[in-house]
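Dear colleague,

Please find below the structure that I am handing over to you, together with its sequence.

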Amino acid sequence: MNFRCCRLPDFRAIPRRDYLLALLSGIMLAAAFPSPGLSTLAWVALVPLLLTLHRRTPGQSLVLGFVAGLVANLGIFYWVNIVMTTYGKLPLIASLFLYGMLAAYLALYIAVVSWLVRVADTWRISSVISLPVAWVAAEFVRAHLLTGFPWASLGYTQYKILPVIQIADLAGVYGVSFLLVFTNAVCSHLIRGFVCKEQCQYPLKSAAILAVLLFCTVWYGLNHLNELDTGAVARVALVQGNIPQDVKWDPTYVETTVATYERLSREVTSHGTDLIVWPESALPLFYQNDPVYAGRMRGLAKELETSLLFGSPAFERDSGKVRYLNSAFMINAEGTDAGRSDKQHLVPFGEYVPLSRLLPFVNKLVVGIGDFVPGKTLQPLQSSIGSVGVLVCFEGIFPELSRRYVAAGSRMLVNITNDAWFGRSSAPWQHLSMTVFRAIENRVPVARAANTGVSAFISSRGEIEQATALFVEAAIHGEVRLGKGTRTLYGQLGDLFAIICLGLTALGGCLIVWRRCRS
């Protein structure tokens, strides 16, 4: 067997110009995400990289893809240093090392895609076909491998471009990513064919297909945006307490925290509300067994004659052991408990330490109670406006959870979160951008309450109808149009489109490795 397919690439044979083009692609990719949020760049960000790949070997393409991916992810995820140094109390050098490791891991996906595209090109399979399929496959794998990390998939850059992202109710964010990458591939073919005067497969045919896809996408989007929303109206209030992260779990600060939320809730209910939403862990104690504060919460809901949804840790006893959960509680307008919803998808190193027995020296980055465990069942909560699906913290970036809540009858999604640990960075806006897609995918509104912002109302069309500023006390009120109870194509089929792309990529990858290793 010949193992030439496993040879390391010759780094020195790659011209400096190609490294600079890969660097440019990485910078443009990072700039397309919030913030600065230059979303237009996502349509052409990969073009500089693609212009280098056809001149290089597959191994060299792997290197150039890694360079582009590394630069992009260093730019997108710079804020992890705020989390690790400010709240994890890690030394800066350790934080920078872990930050670099995260960026390098995520860069591997773009590197492998670049390698696959270049090998496919040697088989005369155009990058117009191979690139968008392989890119979507890579995003899907990243969203599920090692507990999953779908943060900053390319399609999220378009969260403000409403006519384009309405197709998310057909194929999710992956459909938007596919369109963006397809556009990049076609643009690179046009530049090669008509500017660089190089031989290139079917640039005009590819351009015609792109024009049809863009027309259909925008036509579909505008039709949905122009539809009259006839969903039932619910009056919802979001309360943003702006509790500093360094005192959030301080027992001496509990009274101040609760009093702040009570005051803001009373102020906003002058408009009349059906549901008030407080953020994740707004009540920094065990609501289950604290009669004083539990009584105050029930009394507040009864006084204001509204359902009250809030975050609070919970516990369960299981075989003599205590299990801690990150939960949301609902109190109805009569002042009685209406249910609890437990977080399903936990944040590694934020809410628990993976392989803690092997890593006894590693602590959680977020101060609070002990390690959390995931909830056993996905449980929508019943309120005066009907069934509500609750996404706690970064559960909002996992589309499968939203689909399950809607399938279980939820006509509105609520995202409660505490983004204080991101500081004044772009992370809260990146987090918000992903929540927009959960609304469109399921055609239900999303009400988002964040401790320090961004709190927002998002319509079933993905419109951000109201949003708060960061690090201010705020209470906003809105009339929300509930979902109609019908499931979208995406809601029924899930990530079938991405799975097909993954299957095609896996098949192609296996054939590539088999053929190269036998040649």
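Predicted model: local features only at pLDDT ≥ 70, side-chain atom pairs only at ≥ 80, totals over all residues.

Overall form

The secondary structure of the protein consists of 15 helices and twelve strands. Its radius of gyration is 24 Å, close to the 24 Å given by the globule rule for 519 residues, so the protein is as compact as a globular protein of that length. The C-alpha trace spans about 75 × 55 × 40 Å along its principal axes. Of the contacts with a separation of 6 or more, 71% are between residues 24 or more positions apart.

Surface and charge

The accessible surface amounts to about 21700 Å², and carbon and sulfur atoms contribute 63% of it. There are 44 positive and 34 negative side chains. The centres of these two sets lie 13 Å apart.

Interior

Of the 519 residues, 58% count as buried. In soluble globular proteins, nonpolar side chains tend to be buried together. In this model, the largest nonpolar core contains 116 residues, and Val236, Val277, Leu309 and Met412 are those with the most contacts inside it. Helix 8, which covers residues 168-195, supplies the largest share of this core, with eleven residues. Another core, of 27 residues, lies apart from it and includes Val258, Trp278, Leu304 and Phe329.

When its neighbours within four places in sequence are left aside, Leu309 is in contact with Leu275, Ile276, Val277, Trp278, Ala328, Phe329, Met330, Leu381, Val390 and Val414. Two of these partners, Trp278 and Phe329, are among the residues of the core of 27.

Two individual residues

Thr183 is located in helix 8. Is Thr183 buried or exposed? Its relative accessibility is 7%, which is under the 20% cut-off, so Thr183 counts as buried. Residues up to four places away in sequence not being counted, Thr183 touches Trp43 and Leu210.

Pro15 lies in the segment before helix 1, which runs over residues 16-32. With a relative accessible area of 30%, Pro15 is partly exposed, because this value falls between the cut-offs of 20% and 50%. Pro15 and Thr52 are 37 residues apart in sequence, while their C-alpha atoms are 9.7 Å apart in space.

With kind regards

Technical notes: Residues numbered from 1 in each chain as written. Heavy atoms only, no water. Helix = DSSP H or I, 4+ residues; strand = E, 2+ residues; numbered from the N terminus. Rg over C-alpha atoms; globule rule 2.2 N^0.38 Å. Buried < 20%, exposed > 50% of the residue type's maximum accessible area, 1.4 Å probe, protein only. Contact = heavy atoms within 4.5 Å. Areas by Shrake-Rupley, 256 points an atom, 1.4 Å probe, with all protein chains shown as cover. Lys, Arg positive; Asp, Glu negative; His and termini not counted. Charge placed at Lys NZ, Arg CZ, Asp CG, Glu CD. Core = buried A, V, L, I, M, F, W, Y, C linked by side-chain atoms within 4.5 Å.
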